[in-house]
Amino acid sequence: MQATYRHGSRRGKGAAGMPRPPVYRVIIAQAVVTALLVLVLLAVDRVMALSALLGGLICLLPNAWLVRKAFAHGGARSARRIVNSFYKGEAGKFLLTVCGFALVFAWVRPLHPLALLGAFAVVQAVNWFTPVILKSRVS
């Protein structure tokens with residue numbers, strides 16, 4: 001039995017009854033990769049681990065923003081709103097990423113820049129595996 005939400009849609013379905021794209025799995029995968037990086041680096045150095053956490057979050061949070069904005073609308077009647085949402089989501093993602101790096105480089109001391117940028121790159125690389133992540137079924 002599927003749960004029905006306040007707006008009348010069912011879990012995994014939009015308001016029109018169409019299945020929502022499972023892009024949230026990419027965000028979950030990015031969170032898992034960030035956590036694994038932090039755990040591994042905790043054994044090496046706390047500053048590196050914190051820097052990696054910040055780098056992962058600088059990547060993950062703007063991507064979550066994009067997913068939320070881009071997939072807020074569904075259905076053929078919403079085509080114009082979908083396109084506008086993608087543009088707004090991508091612009092917001094860019095601004096959040098730039099602000100994240102600016103804030104971290106301005107305020108976080110001590111900082112390990114290589115761990116920060118390396119974690120950002122590794123978490124961003126999760127996007128390369130998006131087709132595999134979205135194709136697999138979650139049990």
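The points below describe a predicted model of a protein chain.

1. Basis. Local features of this predicted model need pLDDT of at least 70 and side-chain atom pairs count only at pLDDT 80 or more, while totals for chains, interfaces and linings use all residues. Residues are numbered from 1 along each chain as its sequence is written, and side-chain values use heavy atoms, with hydrogens and water left out.

2. Overall fold. The protein chain holds 5 helices and 0 strands, in the order α-α-α-α-α along the sequence. Helices (H or I, at least four residues) and strands (E, at least two) are DSSP runs, numbered from the N terminus. Of the 139 residues, 32% are buried; buried means under 20% relative accessible area, exposed over 50%, and partly exposed in between (1.4 Å probe, protein chains only). Among contacts between residues at least 6 apart in sequence, 62% join residues at least 24 apart, a contact being heavy atoms within 4.5 Å.

3. Largest nonpolar core. Leu54, Ile58, Cys59, Phe101, Val104, Val108, Leu111, Leu116, Phe120 and Val123 form the largest nonpolar core, 10 residues in all. Helix 2 (46-70), helix 3 and helix 4 each contribute at least two residues to this core. A nonpolar core is a set of buried Ala, Val, Leu, Ile, Met, Phe, Trp, Tyr and Cys residues joined through side-chain atoms within 4.5 Å. Leaving aside residues up to four places away in sequence, Cys59 touches Gln30, Phe120, Val123 and Gln124.

4. Second core and Ala119. A second, separate core has 5 residues, including Val38, Leu41, Ala52 and Ala119. Ala119 belongs to helix 4 and counts as buried because its relative accessibility is 4%. Not counting residues up to four places away in sequence, Ala119 touches Leu37, Ala52, Gly55 and Gly56.

5. Second largest pocket. Helix 1 (24-42), helix 2 and helix 3 are the elements that give two or more residues to the lining, and helix 2 gives the most, with 4 residues. By class the lining has 8 nonpolar, 3 polar and 1 charged residues. Ala, Val, Leu, Ile, Met, Phe, Trp, Tyr, Cys and Pro count as nonpolar, Asp, Glu, Lys and Arg as charged, and the others, Gly among them, as polar.

6. Ile27. Ile27 touches Leu60, Asn63, Ala64 and Val67, not counting residues up to four places away in sequence. Ile27 and Val126 are 99 residues apart along the chain, and their C-alpha atoms are separated by 9.0 Å.

7. Loop between helix 1 and helix 2. Asp45 is placed in this loop and is partly exposed, with a relative accessible area of 31%. The Asp45 side chain reaches the backbone nitrogen of Met48 at 3.2 Å. Such a polar contact is a pair of N or O atoms within 3.5 Å; within protein, one must be able to donate a hydrogen and the other to accept it, and residues adjacent in sequence count only if both atoms are side-chain atoms. Asp45 and His112, 67 residues apart in sequence, are 9.8 Å apart C-alpha to C-alpha.

8. The peptide bond from Arg109 to Pro110 is cis, with omega near -5°. In general, most peptide bonds are trans. Arg109 counts as exposed because its relative accessibility is 60%. A polar atom of the Arg109 side chain lies 3.0 Å from the backbone oxygen of Phe105. The C-alpha atoms of Arg109 and Val47, 62 residues apart along the chain, are 9.0 Å from each other.
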